[in-house]
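Thanks for coming. I will go through the model on the screen piece by piece, with the cut-offs as we reach them.

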2 protein chains.
Amino acid sequence: MNGETDTTGQWLRKAATAARAASNVLARLPGPARDAGLRAAAAAIRLRAPQIESANARDVAAFDAGGGTDAFRDRLLLTAPRIEAMAKGLEDIAALPDPLARTLADWTRPNGLRIRRVAQPLGVIGMIYESRPNVGADAAGLCLKSGNAVILRGGSDSNHSARAVHAAINAGLRAASVPEAAVQIAPGTDRSFVAAMLAGSGLIDLIIPRGGRSLVERVQAEARVPVLAHAEGLCHTYVHSGANHAMARRLVANAKMRRTGVCGATETLLIDAAIAPALLRDIVADLAELGCISRGDARARTLVPAMPEATEQDFHTEWLGPTISIAVVDGVEQALDHIARYGSSHTEAIVTQDEKAADHFLRFCDSAVTLWNASTQFCDGSEFGFGAEIGIATGRVQARGPVGLEQLTSFRYVIVGTGQIRP
Amino acid sequence: MNGETDTTGQWLRKAATAARAASNVLARLPGPARDAGLRAAAAAIRLRAPQIESANARDVAAFDAGGGTDAFRDRLLLTAPRIEAMAKGLEDIAALPDPLARTLADWTRPNGLRIRRVAQPLGVIGMIYESRPNVGADAAGLCLKSGNAVILRGGSDSNHSARAVHAAINAGLRAASVPEAAVQIAPGTDRSFVAAMLAGSGLIDLIIPRGGRSLVERVQAEARVPVLAHAEGLCHTYVHSGANHAMARRLVANAKMRRTGVCGATETLLIDAAIAPALLRDIVADLAELGCISRGDARARTLVPAMPEATEQDFHTEWLGPTISIAVVDGVEQALDHIARYGSSHTEAIVTQDEKAADHFLRFCDSAVTLWNASTQFCDGSEFGFGAEIGIATGRVQARGPVGLEQLTSFRYVIVGTGQIRP
C-alpha cells in the first residue's frame, strides 16, 4: 500500500478532528435526535435517487469499458430497488433500540460508592470498502445510531456512486441538524488516503475494512489502529455419525449453495466414517444437482469414486464458488483437529442428533460462531437480529462474529459518592 | 525502539505458538483447575521467597551502583512482606468468580434458533513492564484466571527479580498440571524483544504496557497489535459553587496527596469563582500542610496572592508529585471545557451538593471514570472490586478505565437449531 503523504496526513488530521467533535455532539444527542438524523438521511437518499443512479451509471460505464467479472459488476450496480433498500436500511436502524441507553453493570462498594458502567461511543471509525456502494450507507447508519463518527473511503470503481450516496446522507443530516462531519468521505480514492487512515493512531479509534481478502490482509498488516475484520471465511459443516440423514442433506446443500460468495458459506464438508457410506453419495448428488463440484480426500473417494481428488491445498481454500472439499473423519475430535488446522475461526456447524457430541463440539470449537443443526449461512448480523451489520470479525479484541450496534460502543464509569476519600 | 531482529522474530513466533496452544488448554480447563494453578503458583512463590529475595538483591545492588531516584529503588525492591503480598494476590485472584463462566447474552430468533454470546479468552497477551517485579505476578494471575496466556517482558533493571518470580510461577503451574507455556518471559531485556512483540500481529492478541509515559507512548505509536494502556493521568477535581466546604477540602487533599505518584492523583484543581473566595485559601493551606505546592492562574492568585503563577504548560502537566495547578472557572461548562482541552480522558471528579450540576458533569464529562463527591484516587481496579488490575485504559476499544478480568475476555457465539436452513 502506498505511504501516507503530507497532503493525506493533513487531510486525516483535519477530518478526524472534525469527526471527533461531531462524535462528541452525537454522543450527547438523545436517541430520538440521532434517529431523526437517520430518517432524514433515508428521505434524502430517496429524494436524490436519480442523482445516485446517474452517478452509478458513470461507475458502471467505466467498469464496462474496462471489463471484469459479472459478480463484480453486480456488486457495483445500484438499481432503484437497491437505492430504496438503502434508504429502508437506515430507517430500520433508526427503529432499533438505542445502544447508548444501556447501563452495562451497576454495583455498590462496601464504602458506599455506587459504580455504573455505561455505554459510550467508540469515537471515530474508519471504514475502508471496495465496490458495493450500500456498504457506505449501512456503515454510516450504524455509526450514527451508536454515536460514532465515520470516515468512509470507498474504492475507485464505485467512486461516483459512493460520493452521491454520501452527499445525500449529508443533506439529510443537515436537514435534521445533526453534524455533517459525523459522516465524511475521503476526498480521493488514492491509496495514500488508506495509508493515512491506517497510520491514524490517536485520530481514528477503529478501522473496519470490508472487501476482498487481499484488501483486508493488507489493512490488518499495516494498521497502527485496531482493526475489526475477517480476512477469510473458511467454514466447515461437520456431519456427525449421529446425524439425521435428511437434515444433513438439507443443511449441507444450504450451507454450501444458498449463496456461494458469502463468508459464511461452507467450504469444507467433514463427515464421519461411520455415516459416510450411507449418506455421502446422496450429499454429493444433491450438491451436483445444484451445480456444485465436490472434491474428496482418499477415504471419501472410496465411497464416491467419481469425485476428483481434494489436495491438501484444497482444504486451505475458501472457494467462494460452487466447489466443496470433503474429508472423512473419525469422530468429533478428528473433526475439531481438522478445523483447528485448516479453518479461519469464522463459522462451523455440527449436524447430529447426539446431544453429547454436539455439546463437545460447541464447547471445544473455537470459532466466532459455532452452530448445532443449522446452516453456516446464518452467520450474518441481520439473522442475529442486529439489523444491518458493519462486518464480521474473526479477531478477539472488542468484537467477534457479526458486528452490530453494541459492538460499536465502548463504555465509561460513572461513580457517585457521598464524600468518600481513599484510605 | 530498536527493530525486531531475525532472532527475536523467531523467538516470538515460537513463544506465541506455544502460548496459543496453552491458552486453548486453559480455555477448556474448568475454573477450579485454573484456580488450583494460581494457588500452586502462590505456594511456589512462598517456597522460593529466599531465591526471589536474592535475585532481587542483585538487581538492587546493580541499581545502587548506577544511582537513581529513591522512588525507582522503592518500586524495584522486593521485601519479604512484598513477596508474601504477591503470593496472596494470586490467591485473591483465584477466589474471584470465573470470568469465563458467563453467558453475556441469550436470545431466540423467530425461526427458533437460540443464540448465546459466551465469554471466551482473548488468547495471547503481551505484557511489557518496567521496574516493579510484582506487575509480572499480577499480570500472570489475571491472565491465567481469564484463560489467557501471557508473554512477559520486564525491564532490564528488574531482570533477575522478574525471572525468579516467573520461575516460581512456572514451578507452581507444573505442580498443578497447568501448561507452563501459559506464562512465559522474554529471554532477554533487549529492546528487540519489545519490537518483536509490537510487530506480532496475528501472534499476540493484545499488548498491555505498564510503566512510564515514554514507554507507553512508544508502544502505542509502534504497535501493530491492539494496545490497552494509559500514557497519562492528568486528572481534575472540580469544586462546584454548590460544594460542601468541609467535603471539598477533604476530597481535594486526598485526591492530590494520598499518593502523588499514581495515575488517579488529581493534578489540577478547578474551582468556581462563586465559591473560591470563601474556600480556596483553606484548600491551599490544607495542601501546603501536606507538603504540596499550589500554582494558581491569575484569578486564583487574586485570592491567594502568595501562590506562584501557573503557566499554560502547568495545566498540561501531570505532576506525579506534590504540586497542583489551580484555575478559577465560571461554572460546569467552563470546567468541562478546561478538562476537554487539558485532560487525558482518565479520571475527573466534581464536588457539589447540587444534583443538577452533578448530573450535567457526569453526563458530559467524557473520561474513562467520572466521580461525584469522591476522590479521584478511587480509579483503581481493587477499589472497583476487580481484585488486582492489569492496567488502566484511556483508549476506547475493548476496555476503558481499570482493566479487570472481564475486560481480559472476548466472546463467541453458540447457536442451537433444529435443522434450520437460511432462506
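Start with helix α2 (residues 31-47) of chain A and helix α5 (residues 80-95) of chain A: their axes come within 8 Å and cross at roughly 170 degrees. Axes here are lines fitted to C-alpha atoms, for helices over the stretch in contact, and angles run from 0 to 180 degrees between N-to-C directions. α2(A) and α5(A) are therefore roughly antiparallel to each other, where angles under 35 degrees count as roughly parallel, over 145 as roughly antiparallel, 65 to 115 as roughly perpendicular and the rest as oblique. The residues in this contact include A:Leu38, A:Ile45 and A:Arg46 from α2(A), and A:Met86, A:Leu90 and A:Glu91 from α5(A). Contact means that the C-beta atoms of two residues, placed from the backbone, lie within 7 Å. Sorted by class, the α2(A)-α5(A) contact has 10 nonpolar, no polar and four charged residues. Nonpolar covers Ala, Val, Leu, Ile, Met, Phe, Trp, Tyr, Cys and Pro; charged covers Asp, Glu, Lys and Arg; the others, Gly among them, are polar. Helices (H or I, at least four residues) and strands (E, at least two) are DSSP runs, numbered from the N terminus.

Some bookkeeping. This is a predicted model, in which local features need pLDDT of at least 70 and side-chain atom pairs count only at pLDDT 80 or more, while totals for chains, interfaces and linings use all residues. Residues are numbered from 1 along each chain as its sequence is written, and chains are lettered from A and ligands numbered from 1 in the order in which they are written.

Next, the domains of chain A. The assignment, automatic or from a database, gives domain 1 (6-229 + 395-415) and domain 2 (235-383). Their centres, taken over C-alpha atoms, are separated by 34 Å. Five residues of domain 1 of chain A touch six residues of domain 2 of chain A. On the domain 1 side, these are two nonpolar, two polar and one charged.

Now a sheet in chain B. Four strands form an open sheet in the order β5-β4-β3-β6, with parallel pairing; a pair requires at least two DSSP bridges between the strands. At the edges are β5 (183-185) and β6 (206-210) of chain B, each pairing on one side only. Neighbouring strands are turned by 20 degrees against each other on average, direction ignored. Strand β3 (residues 124-129) of chain B pairs with β6(B) over five bridges, and B:Ile128 stands opposite B:Pro209. Helix α8 (residues 191-198) of chain B lies across β3, β4 (149-153) and β6 of chain B, at about 145 degrees to β4(B).

That leaves the interface. How many residues of chain B are in contact with chain A? There are 55, meeting 55 residues of chain A. The largest share of the chain B side, 11 residues, comes from β15(B). By class, that side has 25 nonpolar, 18 polar and 12 charged residues. β15(B) also pairs with strand β12 (residues 369-374) of chain A, parallel, over five bridges; B:Val414 is the bridge partner of A:Thr370.

Last, symmetry. A rotation of 180 degrees with 0.0 Å of shift along its axis superposes chain B on chain A, RMSD 0.0 Å, by least squares on the C-alpha atoms of residues with pLDDT of at least 70 in both. The two copies are thus related as by a two-fold rotation axis. In chain B, B:Gln398 comes closest to that axis, at 2.1 Å (C-alpha). The same surface serves both copies, as 100% of the contact residues of chain B recur in chain A.
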